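Thank you all for making time this morning. I would like to walk you through one structure, going from single residues out to the whole chain, so please keep the picture in view while I talk.

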Amino acid sequence: MTGTSPARAGSGAWRRVLLRLLFTLALPAVLVTAWWVASDGSTNVYWPPLRTILKAFPDVWTGERLRTDVRPSVLRLLAGYATAGVVGVALGTVIGSYRRVRAVCEPVLEFLRAVPPPVLVPVIMLFAGIGDTMKVVVIASGCVWPVLLNTVEGMRAVDPVMAETARSYGITGVARLRGVVLPSASPQIFAGLRQALSIGIILMVISEMFAASNGLGFTIVQFQRGFAIPDMWTGILVLGLLGFVLSVLFQVVERRVLGWYHGLRASTRRSP
């Protein structure tokens with residue numbers, strides 16, 4: 001009888017982690033190298049060398065600026081994203097669960113979804129003012145649609161055999177929703193949440209370009225207006241790093257919540 005020793009299993013796990021890390025960092029490393037080489041001899045004021053941008057980075061993004069600009073942006077993003085997640089899942093559950101409600105709401109949803117959220121910024125400013133509330137509402141108004149529509153589709157795609165089995169065992173109401181419907185629709189819901197995250201970052205920047213006194217969007221525009229082009233590029237790098245960090249955190253949460261789903265897919269791929 002043979003088996004895998006704990007040491008060998010541990011080394012195999014570390015090898016997989018290192019390979020995954022290598023694949024994750026390979027393309028960014030190639031892109032950064034290409035940027036460095038392409039911009040190295042640049043004399044264009046709007047396209048400074050990457051080394052100039054990186055040299056200015058620690059001088060611009062000090063601890064004080066992180067507190068006054070990055071933290072407010074992240075808090076607004078999280079507030080708007082969380083609001084969109086709650087509203088999108090709640091409405092999507094109702095609309096997707098009842099055919100008549102879906103028939104009534106679909107034309108209105110298609111109309112509202114076609115309106116770009118940045119166009120609504122002046123309208124939202126009339127009702128919500130120019131403070132943080134306006135920025136949170138702008139972020140939520142754009143993030144809610146992928147969550148809502150994916151939730152609706154997830155509800156419609158619930159396995160009818162599972163639904164009928166739950167009904168035959170007397171599992172109805174909240175127990176059916178929590179134990180059968182939402183778990184079945186959760187992969188689709190997380191797909192909508194992933195799409196909403198990137199939309200939220202874009203709308204966070206756009207909302208801070210209107211009547212703001214802090215935030216990443218405000219700071220980048222101020223650098224541009226002051227002709228501090230390397231500083232402006234450092235702000236763009238901060239946005240990219242923020243998006244990367246949030247994406248990694250989202251993947252960690254998704255892997256934990258949908259562990260059963262990824263395990264099922266992995267076992268399906270391994271089966272002959």
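Let me begin with a question: in which helix does Thr151 lie? Thr151 lies in helix 6, and please keep in mind throughout that what we are looking at is a predicted model. Thr151 has a relative accessibility of 0%, and because buried means under 20% relative accessible area, Thr151 counts as buried. If we set aside the neighbours within four places in sequence, the residues in contact with Thr151 are Gly88, Val89, Gly92, Thr93 and Ile189.

Now let us turn to another residue, Leu50, which is found in helix 2, and that helix covers residues 50-60. Leu50 is also buried, with a relative accessible area of 3%. Once the neighbours within four places in sequence are left out, Leu50 is in contact with Val32, Trp35, Trp36 and Ser39. Ala38 is 12 residues away from Leu50 in sequence, and the distance between their C-alpha atoms is 9.0 Å.

From these two residues we can move on to the largest nonpolar core, which has 47 residues, and in which Trp61, Tyr81, Leu193, Met204 and Leu216 touch the most other members. Several helices each supply at least two residues of this core, among them helix 3 (63-97), helix 6 (132-156), helix 8 (173-207) and helix 10 (229-257).

Let us finally step back to the chain as a whole. How many helices and how many strands are there in the chain? There are 11 helices and zero strands. Among contacts with a separation of 6 or more, 75% are between residues 24 or more positions apart. The radius of gyration of the chain is 23 Å, whereas a compact globule of 272 residues would have one near 19 Å, and the C-alpha atoms fill a box of roughly 70 × 65 × 30 Å along the principal axes.

As for burial and surface, 34% of the 272 residues count as buried, and the accessible surface comes to about 16800 Å², with 68% of it belonging to carbon and sulfur atoms. The chain also carries 26 positive and 13 negative side chains, and the centres of these two sets lie 10 Å apart.

Technical notes
Residues are numbered from 1 along each chain as its sequence is written. This is a predicted model: local features need pLDDT of at least 70, side-chain atom pairs count only at pLDDT 80 or more; totals for chains, interfaces and linings use all residues. Side-chain values use heavy atoms; hydrogens and water are left out. Helices (H or I, at least four residues) and strands (E, at least two) are DSSP runs, numbered from the N terminus. The radius of gyration is taken over C-alpha atoms; the globule rule is 2.2 Å times the number of residues to the power 0.38. Buried means under 20% relative accessible area, exposed over 50%, partly exposed in between (1.4 Å probe, protein chains only). Contact means heavy atoms within 4.5 Å. Accessible areas come from the Shrake-Rupley method with a 1.4 Å probe; for residues, only the protein chains shown count as cover. Lys and Arg count as positive and Asp and Glu as negative; His and the chain ends are not counted. The place of a charge is taken as NZ of Lys, CZ of Arg, CG of Asp or CD of Glu. A nonpolar core is a set of buried Ala, Val, Leu, Ile, Met, Phe, Trp, Tyr and Cys residues joined through side-chain atoms within 4.5 Å.
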